[in-house]
Amino acid sequence: MVLSMRTKLKIFAAAILLVLVVIGGGLAYFNFYVKTPEYTLKAIQESIQNHDVDEFNKYVNVDNVVAGVTNNMLDGIIALQTNLPEEAKLAMNSLATMFKAPIVASLQEGLNNYVKTGSWQSGNTTADAQGAMINSDMILEQSGLTDLTFEGIDYINTNEDNGTAEAGIKVTQSEINQPFVFKVSLEEQADGYWKVVSVDNFADFIKALEDGRKEFIKDYLSQTALIIIDKEKILTENEANLNAALNLGTLGSSQTRTDLKNDIENKILPQLKELQEALQSVEVPKSAETLHNLRLKACESKIAYYQDYAKWLDNKDIKTLREATDNLKKAKTMEYEANLLTKRIEGQIK
């Protein structure tokens with residue numbers, strides 16, 4: 001069938017009209033979609049992925065968000081001090097006011113650095129109201145922000161009547177391996193676009209973080225206590241046998257020295273190395289890293305002591321004995337400090 005020119009023109013015109021309708025509908029939908037909270041949250045995600053600070057600032061009121069998070073964080077920290085009398089809490093509030101400005105500066109710098117580079121750390125310092133320097137990275141680390149992983153948008157509730165919305169942003173805090181949903185408020189702007197203006201439950205996040213940290217520390221202390229008790233029981237018995245042999249005063253005997261060396265190499269050192277390996281395998285919370293390092297260093301120094309002592313039983317060199325004695329002193333000092341620190345931590349988590 002051969003179509004007339006008029007029919008062909010009608011078909012062509014209809015096709016053009018259909019294309020225009022589709023394009024127009026698509027543009028209309030796009031213009032509607034970009035002016036929704038959903039689009040704003042998606043744009044924020046993309047700006048972080050693309051390290052686009054200007055685009056991020058377009059959809060986030062950074063000054064307002066950071067100021068609110070700072071207030072929430074300070075309120076949350078003070079609220080955790082349940083054993084303090086009211087006058088002490090008032091004093092803490094006054095002190096918190098002094099630190100507010102450097103904390104705000106630290107969070108702003110950290111957030112800007114995160115969007116720009118993907119890392120919160122800056123290595124910079126800020127000053128408090130009295131001019132004292134404060135480590136920005138330490139503040140960020142304590143806030144728990146540096147260990148967050150975005151998991152998705154949990155919900156979005158929009159109130160068209162007053163131009164506000166609340167979104168649930170689901171994250172995982174890797175330090176304590178727990179999920180958390182931030183309540184984020186958005187407001188419609190004069191141009192129809194939406195902007196994030198606050199995070200409303202950061203105090204709850206601080207409480208969840210501190211509770212998680214306490215549980216992590218309790219687990220660490222319990223686990224390491226069992227390891228130390230188990231390994232040191234046998235170690236103490238072997239050391240007692242060694243000391244008993246030494247007290248006999250027969251070190252001049254070649255056979256005695258050989259026996260003592262064998263006891264050190266075959267009984268004591270293997271136990272110490274097992275203790276060292278067991279401690280190295282434990283997952284350590286950040287707040288217990290100093291304690292854990294003290295324990296490992298004490299164990300390392302004790303191993304060095306017995307290695308040097310076994311060596312001295314062979315060579316009878318006074319220099320080797322001095323090195324052994326120095327390592328024993330280091331071990332005892334670090335064990336003492338570790339015990340003090342353990343008691344201090346136990347007192348803080350009660």
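Predicted model: local features only at pLDDT ≥ 70, side-chain atom pairs only at ≥ 80, totals over all residues.
Q: Let's start with helices. At roughly what angle do α8 and α9 cross?
A: Roughly 165 degrees. Helix α8 covers residues 254–280 and helix α9 covers residues 289–315. Their axes come within 10 Å.

Q: So are they roughly parallel or roughly antiparallel?
A: Roughly antiparallel, because angles over 145 degrees count that way.

Q: Is the crossing left-handed or right-handed?
A: The crossing of α8 and α9 is left-handed.

Q: What kinds of residues make up the contact?
A: The contact of α8 with α9 has 15 nonpolar residues, 4 polar ones and 8 charged ones.

Q: New topic: rings. How many aromatic pairs are there?
A: The structure holds 10 aromatic pairs. One of them joins Phe 180 and Phe 182. Their ring centres are 5.1 Å apart. The planes stand at 65 degrees, so this pair is edge-to-face.

Q: Are Phe 180 and Phe 182 buried or exposed?
A: Phe 180 is buried, at 13% relative accessible area. Phe 182 is buried too, at 7%.

Q: Which residues form a cluster with them?
A: Ring pairs link Phe 180 and Phe 182 with Phe 202 and Phe 205.

Q: What about Tyr 309 and Trp 312? How do their rings sit?
A: The centres are 5.4 Å apart and the planes are at 55 degrees, so the pair is tilted.

Q: Where are those two residues?
A: Both are in helix α9. Tyr 309 and Trp 312 are 3 residues apart, which means about one helical turn separates them. Tyr 309 is buried at 9% relative accessibility. Trp 312 is buried as well, with a relative accessible area of 13%.

Q: Which charged end sits over the ring of Trp 312?
A: That of Arg 257. The charged end is 4.8 Å from the ring centre. Elsewhere, the charged end of Lys 58 sits over the ring of Tyr 193, 5.6 Å from its centre.

Q: Switching to loops. What is the phi of His 51?
A: About 55 degrees, a positive value, although His 51 is not a glycine. His 51 lies in the loop between α2 (37–49) and α3 (53–59). With 38% relative accessible area, His 51 is partly exposed.

Q: And Asn 177, where does that lie?
A: Asn 177 lies in the loop between β4 (164–173) and β5 (178–188). Its phi is also positive, near 55 degrees.

Q: Is Asn 177 buried or exposed?
A: Exposed, with a relative accessible area of 62%.

Note on methods
Residues numbered from 1 in each chain as written. Heavy atoms only, no water. Axes fitted to C-alpha atoms, helices over the stretch in contact; angles between N-to-C directions. Helix = DSSP H or I, 4+ residues; strand = E, 2+ residues; numbered from the N terminus. Parallel < 35°, antiparallel > 145°, perpendicular 65-115°, else oblique. Left-handed = near helix turned anticlockwise from the far one by under 90°. Nonpolar A, V, L, I, M, F, W, Y, C, P; charged D, E, K, R; others polar. Phe/Tyr/Trp six-rings, centres within 6.5 Å; stacked < 30°, edge-to-face > 60°. Buried < 20%, exposed > 50% of the residue type's maximum accessible area, 1.4 Å probe, protein only. Lys NZ or Arg CZ within 6 Å of the ring centre and 35° of its normal.
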